[in-house]
Amino acid sequence: MDIVLATRNKKKIEEMSRILDGMGINILTMDDFPSCPEVEEDMDTFEGNAVKKALAITKCTNKIAVADDSGLEVYALKGDPGVMSARYAGENANDVANIEKLLSEMKDIPEEQRGARFVCCIALAYPNGKVETFFGFAEGRIGREPRGRMGFGYDPVFYPTGYNETFAEMLPEEKDALSHRGKALERFKEYIKTHYSEYKEI
Ligand code: IMP
């Protein structure tokens, strides 16, 4: 059985391949379907973007497609940067610029109001239009300065609840066990296991 991953991001492809290893699933990527269009992430929720991408790619390939969308929500900023996480400081912003903007927006926010969460939504779409979604959340708080060199994105300023180190100070496997993406992937994997026979029929 084939599943197409609706991404060109090598890290995501490797991660998903590792999770699905040994389950008899053949992973295809957008590189196998060069004529499929890039799908714009212009919805106002993570779920909206993930579902939009998965549906566009199943339509274009006629195969089961999986897409994800993720980002950071800061409660004191009413959920920002949210779906704008990757481009918070501008269209081509990098991680350093995004973190700088976040810390500056939060400079007057006191310790007890610096709560935030990472959100990940994985969407799986079937060629018949049926869609399933899988969510994962990581609760924590935003620090005052970047710490650590691992990970990516907002990891250097995110302290998961119960820890005094940021995601960027943790080993990848420690972060995976706590992360929004790790939790969403676990739910996705459970679904694949229980619905495997359904997959085979398509
Ligand atoms: P996307 O899911 O690849 O669109 O990621 C959106 C953006 O959210 C990334 O560019 C990061 O800025 C942020 N983000 C998502 N997941 C993480 C994470 O695990 N750590 C830090 N930043 C993240």
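Predicted model: local features only at pLDDT ≥ 70, side-chain atom pairs only at ≥ 80, totals over all residues.
Residues are numbered from 1 along each chain as its sequence is written, and side-chain values use heavy atoms, with hydrogens and water left out.

Let's stay with the ligand. Around it are 15 residues, of which K12, S70, D155, K175 and R181 come nearest; a residue belongs here if one of its heavy atoms lies within 4 Å of the molecule. Two of these residues reach oxygen atoms of the ligand through polar side-chain atoms: the distance is 2.8 Å for K12 and 2.7 Å for S70.

Which elements each supply at least two residues of this shell? They are β3 (64-74) and α5 (180-194), where helices (H or I, at least four residues) and strands (E, at least two) are DSSP runs numbered from the N terminus. The most comes from β3, with three residues. By class, the shell has four nonpolar, five polar and six charged residues. In this scheme Ala, Val, Leu, Ile, Met, Phe, Trp, Tyr, Cys and Pro are nonpolar, Asp, Glu, Lys and Arg are charged, and the others, Gly among them, are polar.

Rolling a probe the size of a water molecule over the atoms shows where empty space is left. The ligand sits in the largest pocket, in the sense that more than half of its atoms lie within 2 Å of the pocket's grid points. On a 1 Å grid over the protein atoms alone, a pocket is an open set of points with protein on both sides within 12 Å along at least five of seven lines, a cavity is a set where a 1.4 Å probe fits but cannot get out, and lining residues have an atom within 4 Å of a point.

The volume of the largest pocket is about 1300 Å³, counted as the space filled by probe spheres set on points joined across faces, edges and corners. Its lining has 47 residues, and N9, K12, S70, F152 and R181 are the closest to its centre. Two or more lining residues come from each of α1 (10-20), α2 (46-61), β3, α3 (95-105), α4 (172-178) and α5. The lining divides into 18 nonpolar, eleven polar and 18 charged residues.

Among the residues lining the largest cavity are K12, V66, R181 and L185.

A cis peptide bond, with omega about 0°, joins D80 and P81, and P81 is in the loop between β3 and α3. N62, in the loop between α2 and β3, has a positive phi near 60° although N62 is not a glycine.

Terms used: Polar contact = N/O pair within 3.5 Å; in protein donor to acceptor, adjacent residues only side chain to side chain.
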